[in-house]
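Thanks for making time this morning.

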Amino acid sequence: MSTKTACLTDYVRSTHDDLAARLATARQMHGTRDDPRLERHRIDDFLGSTSKHLHALDDVLLPAYAKLPDGRTLSHEYTASVKRLEVLLFHVNAHEYGSSIEGSYSWPTLWAEVDDALADQRQHEEELANALTDSLDDDRLEAITERIRRVEPEEPSRPHPHQPHGGVWGRVSRRMMRTTDAFWDAAQGRIVPEPERAPKKKPGLLGQYFLASPRFAPEAEQDDDRPE
């Protein structure tokens, strides 16, 4: 890899370190006979964070990589690894809510498969990030990284392995999934990561006038307090 900025590869590594930690926390969920889904927020947090990250990559990383020479081949391999992970995440969600079709799946077996699939997806994602880092200039890399950070909190909060991942249909399906996922999250009382909101800008002088809420600089306040 070249000596150019490593913002994209650093972001991928730090994100997957965080997802691995969330997975480890989710695996520690211990239910009781009265409440088998006790502390299920641990699973919700892992599922929500992972799903949002994967959807953000479909929105930003794949289109950027597809434009590179031979990009479609590696993109296809990456998408296959994502679908495998999303299928398992779908099973985790169903298992968490007591689906009858999950009776043959034990939690230890399911978590082990998720752990393996997440590691495989990370490898493919790092390959894409390395290839983009070698091929694009710093400005473009920083723009891609920032866009992933910006869109990720607003992405669908659940895995959708059988929906289109790329192209126009992928974008359309994700737009619809954002609405349906938000509805079911609220209906099931599911706890998912909240988007980070940018801090509001302080109102200017005109805004202060209309809000009838003037703000004085510390220096001005100090001057006003000085005796004449």
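Contact here means heavy atoms within 4.5 Å. This is a predicted model, in which local features need pLDDT of at least 70 and side-chain atom pairs count only at pLDDT 80 or more, while totals for chains, interfaces and linings use all residues. Residues are numbered from 1 along each chain as its sequence is written, and side-chain values use heavy atoms, with hydrogens and water left out.

With that contact criterion, V114 touches L23, F46, L85, L88, L89 and V92, leaving aside residues up to four places away in sequence. V114 is also, with L132 and I148, one of the residues that touch the most other members of the largest nonpolar core, which has 42 residues. Such a core is a set of buried Ala, Val, Leu, Ile, Met, Phe, Trp, Tyr and Cys residues joined through side-chain atoms within 4.5 Å, where buried means under 20% relative accessible area with a 1.4 Å probe, protein chains only. The elements giving two or more residues to this core are α1, α2 (41-66), α3 (71-96), α4 (107-135) and α5, helices being DSSP runs of H or I with at least four residues, numbered from the N terminus. Of these, α2 gives the most, with 11 residues.

After α6 comes G189, whose phi is positive, near 65°.

Terms used: Buried < 20%, exposed > 50% of the residue type's maximum accessible area, 1.4 Å probe, protein only.
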